[in-house]
Amino acid sequence: MTELAGHGRHVGRPADDRRARIPQRDDWRLFLVILAFLLAYGLVGVSMGLMALGEPAEPRLAHSGLLKPARGEIVDRNGTLLAGNLPAWSLYAHPREIKEPLEVAAELAAIFPDTPEAAFARKLTSGAAFVWIRRPITPRQKQLVHDLGRPGLNFGSRTVRVYPAGAATAHVIGGVKPAKEGVHFTELAGAGGAEAYFDRRLGDPERVHEPLALSIDLRLQTVMREVMADGIERLTANGGAGVLLDVRTGEVLAMASLPDFDPNLPPQAFDGPAHLNPRFNRAALGRYELGSTFKPLTAAAALDLGLVRPDTLVETGSPIRAGGRWIRDLHAMPSHLTVSDVIRRSSNVGAARLAMMVGTPRFKDYLGRLGFLEPSAIELSEAARAEPLLPPKWTDLSSMTISYGHGLAASPLHLAAAYGTLANGGRRVRPSLLRGGTGPGERIVSPEAAAAMMEMLREVVRNGTGRRAEVPGYRIGGKTGTADKYRPGGGYYDDRVIATFASVFPTSDPAYVLVVTLDEPTNREGSRPVREASRTAAPLVSEIVRRIAPIMGLRPLPPEDEQAETAVASARPASD
Amino acid sequence: MNKLAFACSMLAIVVVAAWAYNVNYRTATALDRVEALRTKIAAEREHIQVLEVEWAWLNNPDRLARLVAMNADRLGLGPMTLRHFGRVAAVPFPPEPEPMLVGMGAVEDGELAAGLAMADGSAVMPPPRPAAKARP
C-alpha cells in the first residue's frame, strides 16, 4: 500500500514540509526584488528631500544660450543715457530659394533707395546659399519687405547701438564696430573712446544690466561744445579742445574736441590731413606746444624749492643767449620783475631764469612728476599712444624754452591735470572718466607754493593778459598761452598760433580747472587781425564759466575785498 | 503575514513611485514656467531699453534748446545769469492777513457752532453740520 502511495501524491509530513518550504525558498527572492525597488525609490525620495532642504538655485536651462548678448549702457554722472541699445533687424536672403531675382531686386531697390538695383540683382543671382542684403534695417523697412511676400528673404534680429546725445560726447564715447556677426546676433566691439577702453566690461554678461557711469556731465559738455563751436566759427579756427576737471577728484566733467562727428552715423571717409580729421580727439591726443601756460608751472617749481618768493625780483631786462639762440620777450620788459609779475606780464626771459634757478635735472624730474613725460592715464583707448613729444636731448637750453612752453608738446589734458595739481594744494591730479574719479595722489608741491600760484593766476585775470576771462563773482585765475605753430619743414609760422587759456576757479578755494585750446584762431573784430589767446581763448573761458556756473549750482562770491571766510563756505555747489 | 507584508510593500512601491513621478512632472512644469517668465522678462527689459533710449533722445539738450527757441514767446525763458542768485534769508515773509470776518482770530467750538458772522451781524455761512449718515 505504501509503495502505491509512493507513486502518487506525496502525503504526510515530508510533503507538508516541502509545500511549506517552497514558498519560503521563493519568498526571499520576491522579498529581495521588493526591497530593491523600495531602496531605489527610497533613494530618489531621500535625494529629493535633501534637495528641498538645501539652497535654492537658478535652474540651468538647456536653451538659455539663445538670449541675445546685450551690451551695457553708458550713462553720464547724473544717469542720463549716453549710449544705449535698440533692437533692430537685418535682412538676408537665400538666393537659391528666390524665383524671380530681378523683380525682387527691383522691389528691394524701391524700399532701399540709396543702394543701386544692380547691387541687389548681383547678390540675388549669385547662386550662393546665403547673402546679406542689408543690415540693419528699420522696423518700417522690415514691414515693407515683409509685405512683399517673397520667399527667400528672411530677417535676423540684432542690436543697434545708439547715442542719444549725438555729437556732444562723440570723442569721449567713441563708437562700436561689429566684431562677430551671426544671423541672429551681432557682437559689437568698441572702436575708440570709452567704448573701446571698457569693451570687456560692457560686454560682460554679469554686468550688462549695470550702466557704466562716466564722470562727464552732459549739460556742461553740451555748453562747452556749443560755446567752442561758436567761437571756432567766429574766429575761423581749424578746431579746438576744451577740458573741465574737478580738482578734488580728478573727474573730467567735460571734454570737447572740435571738429567732431556724429557717432550714430557710420564712419565717413576723411581724406584731409590727419590733424583735421573729425575723429581726432584733440583734447586727449593732440600734442601742442602750449606756450606761456607753462610759466606758472615753472614758477611753482621755483617757489616749492624755496628758491624764490612771489615778490622776489628776477632779471628780465636783457635777452639770454644760450646754445646759439636768443631768448627774448615780445614786448619790452623792465629790468627786473617780481615772480608774480613775470607771470602776470608773461615774460619769457623771467621764466627761463626761473628754470635755470631750478636747474635742468630737478626741472625735468618735476615735469615728470606732474605727468608730462608719460601718456595720460585717462580711460580712453587711444590715450595710451599720445606720449608727449620731448626734446631728443634735454639740455639747459631745452629747459629754458620748455619753461615758457616751447620744446615740449603735450595735450590739453596734460595741462589741465598739471593745473589741477597746483589747484589741489599740490597733490597730483590724475584725470579720470569714471564717476567718482581717483582722488588726489602724491604730493608734488607744497601747499604754500600752490596757494601762492593761485594768487598769481588770479592777478593775471584781474590785471594781466587774462582780463577778458573774468566773470564777476567766480574769482577765475589763469594763464594765457599763445604759441606759434611749428612748421613741418622747420621753424615756426608767424601767422598761425595755438591759443590756450588754462584757468582755475574759484581761486580762493579751487574747485575746477578749465582749459580751452584753439588751433589757428584769428580775431578780426578790430582793425587788425589778432591771434593772442587773451583775445581768442580767454573770452571763450569767460562765456563757458558764465553759463556752466548756474548749472553746477555755484553761487557767485562777494567781491574779494569783503570777508573771505564766509565766501569760502558759500562757494560750495548747492548739490552735487 | 507574508502576504500582508508583500501587499504592503507593493503598495509602498506604488505610492513612492507615484509620488516621485508627481514631483518630476511638477518640476518639469515649473521649469517650463521659469523659461516662459525668463522670455517675458527679457522682452520687458528690451521694452524698457527702448523707452530709455527714446526718453534720452527726447531730452537731448540740443533738442530741448530748439524747442525752447521755437516756443520762446510762450515760455519766455531767458538764460540764467548771476543776478538770478539770491539768499533765502532775503526773501520776505508774507504779511499777516487782515482779519476780515469777526471771530477769525481764534476759532473756538462755540463760535464755530454759532456760525461765522460779518461785523454787522449778518450771517456769512451757516454753522457746519455733520454729513448725513449713510443708509445701510
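This is a predicted model: local features need pLDDT of at least 70, side-chain atom pairs count only at pLDDT 80 or more; totals for chains, interfaces and linings use all residues.

Residues are numbered from 1 along each chain as its sequence is written, chains are lettered from A and ligands numbered from 1 in the order in which they are written, and side-chain values use heavy atoms, with hydrogens and water left out.

With contact taken as heavy atoms within 4.5 Å, 36 residues of chain A touch 33 residues of chain B. The area buried between chain A and chain B (accessible area, 1.4 Å probe, lost on being put together and summed over both) is about 3100 Å², and carbon and sulfur atoms give 70% of that area.

Helices (H or I, at least four residues) and strands (E, at least two) are DSSP runs, numbered from the N terminus. Five strands of chain A form an open antiparallel sheet in the order β9-β8-β18-β17-β16, where pairing requires at least two DSSP bridges between two strands. β16(A) and β17(A) pair over nine bridges, and A:T482 stands opposite A:A499 in β17(A). Helix α18 of chain A (residues 533-552) packs on this sheet and touches the strands β8, β9, β16, β17 and β18 of chain A.

| Strand of chain A | Residues |
|---|---|
| β8 | 239-246 |
| β9 | 252-258 |
| β16 | 477-486 |
| β17 | 492-505 |
| β18 | 512-519 |

Notes. Buried area is the accessible area (1.4 Å probe) that two parts lose on being put together, summed over both. Axes are lines fitted to C-alpha atoms, for helices over the stretch in contact, and angles run from 0 to 180 degrees between N-to-C directions.
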